[in-house]
Amino acid sequence: MKIRASIFYFHRVAGDNLEAAVPAEVFAEHLRLWRALGVQSVSQEQLARHLDGSGPPLPPRVINISFDDCYADLLDRALPLLEEFGFKASFFAVAGHLGRKSFWSQGAARELDLMSAGQLRQLAAQGHEIGSHGLNHRSLTWLPLDELWAELSDSRQVLEQVLGRSVTTLAYPFGDVSPWVAQAAEAAGYRAARGLRRGNLHSRQSLFDLSVINSMRLRDRVSLRKMAH
Ligand SMILES: [Zn+2]
């Protein structure tokens, strides 16, 4: 089973340029274009279930809109736009730091607020997907086994407790993945995990290294139009 589907990956929607922020008007332009093209958004889990054969076939033109880190201001800046244009997104939370700050960033971005447990529950209740982005936002490729397992498995359990539902998807912090990490992610109970390889063709073999379109390349309208063709 193969499918061509763009996973658009974002961090923030804001005008301040911190953490690869995309301005709200550019984000809205993406959404407007996708709606005009008749594109439908699916969760990473829906994509995975299509690829592993356990879910229903997907509509012909699908995308996944994906946010790393779960910055709290997405609730004010991205969520209303997603609602206005009728899209759902996938939000990947750093499970050990809910309601805290993005300490792993540089400079002023270290002070950005992350969503709390209650805010994640609110997002999930509105039909958005919540996945894991690890426990402590560590690169997974060089961790000893016990620490790797904690990042993968404990983060999933924390989020499942917060949400009261199963958590089946993962986005690797920094996009760092190796064959070993991918195997561990599968053993920890995930259905699929997203890396940062570029591309939009997915198969069962790529379930644990799903490729993406980096939204940073879509900051201006010219590149956005180019992407549409
Ligand atoms: Zn991140």
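Figure 1. Helix α6 covers residues 145-163, and its 19 residues reach 27 Å from the first C-alpha to the last, close to the 27 Å expected at 1.5 Å a residue. That expected span is 1.5 Å times one less than the number of residues in the helix. Helices here are DSSP runs of H or I with at least four residues, strands are runs of E with at least two, and both are numbered from the N terminus. Everything in these views belongs to a predicted model, in which local features need pLDDT of at least 70, side-chain atom pairs count only at pLDDT 80 or more, and totals for chains, interfaces and linings use all residues. Residues are numbered from 1 along each chain as its sequence is written. Look for glutamate 151, where a kink of about 25° in α6 is centred; the bend at a residue is the angle between axes fitted to the seven residues ending there and the seven starting there. Glu151 is also one of the buried residues of α6, together with Leu148, Leu152, Ser155, Arg156 and Leu159. Buried means that 20 or more other C-beta atoms lie within 10 Å of the residue's own, exposed means 12 or fewer, and partly exposed lies in between, with C-beta atoms placed from the backbone. These buried α6 residues pack against β5 (90-93), β6 (129-132) and α7. After the helix comes glycine 164, with a positive phi near 70°.

**Figure 2. The whole chain, for orientation.** The chain holds 8 helices and 10 strands. Its radius of gyration is 16 Å, close to the 17 Å that the globule rule gives for 229 residues, so the chain is as compact as a globular protein of that length. The radius is taken over C-alpha atoms, and the globule rule is 2.2 Å times the number of residues to the power 0.38. Along its principal axes, the C-alpha trace spans about 45 × 45 × 30 Å. Buried residues account for 41% of the 229. Among contacts between residues at least 6 apart in sequence, 63% join residues at least 24 apart; two residues are in contact if their C-beta atoms, placed from the backbone, lie within 7 Å.

**Figure 3. Strand β2 between two partners.** Strand β2 (residues 6-10) has 5 of its 5 residues buried. Both of its faces are covered, with Ser6, Phe8 and Phe10 on one side and Ile7 and Tyr9 on the other. Strands β2 and β4 run parallel and are joined by 5 bridges; strands count as paired if DSSP finds at least two bridges between them.

Figure 4. The largest nonpolar core has 57 residues, and the ones that touch the most other members are Val13, Cys70, Phe91, Ala93, Ala185, Ala192 and Ala193. Such a core is a set of buried Ala, Val, Leu, Ile, Met, Phe, Trp, Tyr and Cys residues joined through C-beta atoms within 7 Å. Leaving aside neighbours within four places in sequence, alanine 192 is in contact with Gln44, Leu47, Ala48, Thr169, Leu207, Phe208 and Leu210. Helix α2 (residues 44-51) is mostly covered, with 7 of its 8 residues buried. Those are Gln44, Glu45, Gln46, Leu47, Ala48, His50 and Leu51. Just after α2, glycine 53 takes a positive phi of about 85°.

**Figure 5. Two loop residues with positive phi.** Cysteine 70 is not a glycine, yet its phi is positive, about 65°. This cysteine sits in the loop between β4 (62-69) and α3 (74-77) and counts as buried, with 26 C-beta neighbours inside 10 Å. Phenylalanine 174, also not a glycine, has a positive phi of about 60°. Phe174 lies in the loop between β7 (169-171) and α7 (179-187) and is partly exposed, with 16 other C-beta atoms within 10 Å.

**Figure 6. Glycine 118 in helix α5.** Glycine 118 belongs to helix α5 (residues 117-125). With 11 C-beta neighbours inside 10 Å, Gly118 counts as exposed. Its C-alpha atom is separated by 8.8 Å from that of leucine 163, 45 residues apart along the chain.
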